[in-house]
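Have the sequence and the model in view while reading.

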Amino acid sequence: MPTERRIVTEIPGPRSVELHARRLAAVSAGASSAVPVYLARGHGAIVVDVDDNAYIDLGSGIGVTTIGHTDDDVVAAAQEQLADLVHGMFTITPYEPYVRVAELLAAHTPGDFAKKALLVNSGAEAVENGVKIARKHTGRQGVAVIDHAYHGRTNLTMAMTFKNMPYRDGFGPFASEIYRAPNSYPLHDGLSGAEAAARTIAYLDKSAGAANLACLVVEPIQGEGGFVVPADGYLPALQEWCTANGIVFIADEIQSGMARTGRWFASEHFGLVPDLVLSAKGIAGGLPLAAVVGRAEIMDASHPGGLGGTFGGNPVACAASVAVFEAIESRGLLAEGARIEATLRPALERMRATHPVIADVRGIGAMLAIELNDPLSGEPRADVVAAIAAGAANQGVLLLTAGTYGNVIRFLPSLAITDEQLLDAVSVIDALLP
Ligand SMILES: *Cc1c(COP(=O)(O)O)cnc(C)c1O
């Protein structure tokens with residue numbers, strides 16, 4: 001496997017072009033791709049396409065291959081499990097790796113109290129189950145979310161997601177009893193954490209009524225919304241209000257969790273101890289797995305048989321997840337978030353100094369972003385972001401965009417990325433910026 005970017009054909013190359021024609025004939029147009037290059041293999045922070053072009057991957061499949069593509073320990077653990085038992089259907093006949101993942105989640109999420117977990121297949125399914133459990137526990141129906149949130153693509157989670165295009169448009173009617181309130185967005189609202197929290201709380205009090213809310217679901221750092229880091233004190237004030245009103249406080253750590261920010265879960269940076277934590281994306285090194293974990297008395301609210309699913313907590317995905325937890329622990333990978341931020345943030349700040357279109361540099365650990373706005377009018381520059389994403393791919397750098405207005409470039413590299421790879425990727429972006 002190469003360790004540097006290397007472009008040997010036009011992008012997309014001839015084999016990708018050929019595959020793309022087949023794909024257009026066979027795959028739903030709804031499942032489109034940002035970059036039409038077809039991947040053949042990956043390792044660490046590098047992926048190689050079918051034409052042998054190598055790319056520095058700044059997206060990790062949206063924060064999934066957090067400890068690196070084809071991590072040796074994850075591959076070995078999954079292969080071993082694959083030969084032993086591929087499926088058991090946990091709700092019929094259980095197996096050990098599921099129990100081990102539940103134990104590891106309980107040990108590594110914030111809070112020094114008895115915890116239990118449920119394993120499912122996708123982030124959206126974790127959100128759905130978090131809401132189910134909170135409703136059963138509280139006997140209430142209301143679900144509170146904040147502006148610019150992203151929670152998934154199922155019917156309930158579409159309703160909880162902020163952005164219409166591409167996530168919701170024409171897919172309704174949506175689930176009811178969802179209450180949306182303004183978030184904390186320091187670059188744009190100029191509010192302190194306390195002020196922003198007071199606004200969110202007043203909004204929910206007036207629109208829903210605290211006594212009707214089963215849960216408040218928030219991303220500690222908003223992912224698709226543009227890596228929005230709330231002002232200091234915002235999240236703790238929301239949690240305090242939830243606790244005082246019997247509302248289950250649910251942290252959607254599907255993108256921000258599992259060592260992404262230099263802590264096991266981003267909640268820790270804000271002093272949060274959520275009642276429930278939702279995990280997915282980076283939890284199993286690329287295999288599909290997701291979880292709801294939290295206070296035992298809340299997690300036990302459902303009657304036996306009320307939670308489950310055919311593939312939920314698949315043994316191979318669980319074995320991979322155990323290997324991810326062990327790798328983070330034994331290789332000290334929590335330190336890599338800080339290392340990446342120490343390299344990347346100053347590089348992004350240097351870029352901002354010479355490119356006034358960069359309005360903000362923000363994020364924590366290996367979850368950083370730049371927001372691009374017109375320096376005079378403040379208008380979002382989604383056009384510039386789209387041009388940079390396309391131009392970077394042509395030079396061997398895969399990056400992700402984000403933001404309600406499409407004007408954010410996010411840096412979500414694997415913790416295995418080297419400083420050289422990071423700085424090389426930044427130099428490509430720098431040269432493309434107006
Ligand atoms: C990706 C994501 C989801 C949805 O996860 P899927 O596995 O795509 O269903 C939910 N919440 C957040 C914060 C996410 O980033």
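A crossing of two helices is called right-handed if the near helix is turned clockwise from the far one by less than a right angle, and left-handed if anticlockwise. The model shown here is predicted.

The crossing of helices H8 and H9 is right-handed. H8 spans residues 193–207 and H9 spans residues 234–244. Their axes come within 8 Å and cross at roughly 35 degrees. On the H8 side, the contact is made by Gly193, Ala196, Ala197, Thr200, Ile201, Leu204 and Asp205. On the H9 side, Tyr234, Ala237, Leu238 and Trp241 take part. Sorted by class, the contact of H8 with H9 has eight nonpolar residues, two polar ones and one charged one.

Which residues surround the ligand? They are Ser122, Gly123, Ala124, Tyr150, His151, Glu219, Asp252, Ile254, Gln255 and Lys281. By class, this shell has three nonpolar, four polar and three charged residues.

In the case of Ala124, a polar backbone atom is 2.8 Å from an oxygen atom of the ligand. Tyr150 also uses its backbone: one of its N or O atoms there lies 3.3 Å from a ligand nitrogen atom. With Asp252 the side chain is involved, and an N or O atom in it is 2.7 Å from a nitrogen atom of the ligand. On its own, the ligand has 380 Å² of accessible area, and the protein covers 82% of that.

Definitions and conventions
Residues are numbered from 1 along each chain as its sequence is written. This is a predicted model: local features need pLDDT of at least 70, side-chain atom pairs count only at pLDDT 80 or more; totals for chains, interfaces and linings use all residues. Side-chain values use heavy atoms; hydrogens and water are left out. A residue is near a molecule or strand if one of its heavy atoms lies within 4 Å of it. A polar contact is a pair of N or O atoms within 3.5 Å; within protein, one must be able to donate a hydrogen and the other to accept it, and residues adjacent in sequence count only if both atoms are side-chain atoms. Accessible areas come from the Shrake-Rupley method with a 1.4 Å probe; for residues, only the protein chains shown count as cover. Ala, Val, Leu, Ile, Met, Phe, Trp, Tyr, Cys and Pro count as nonpolar, Asp, Glu, Lys and Arg as charged, and the others, Gly among them, as polar. Axes are lines fitted to C-alpha atoms, for helices over the stretch in contact, and angles run from 0 to 180 degrees between N-to-C directions. Helices (H or I, at least four residues) and strands (E, at least two) are DSSP runs, numbered from the N terminus. Contact means heavy atoms within 4.5 Å.
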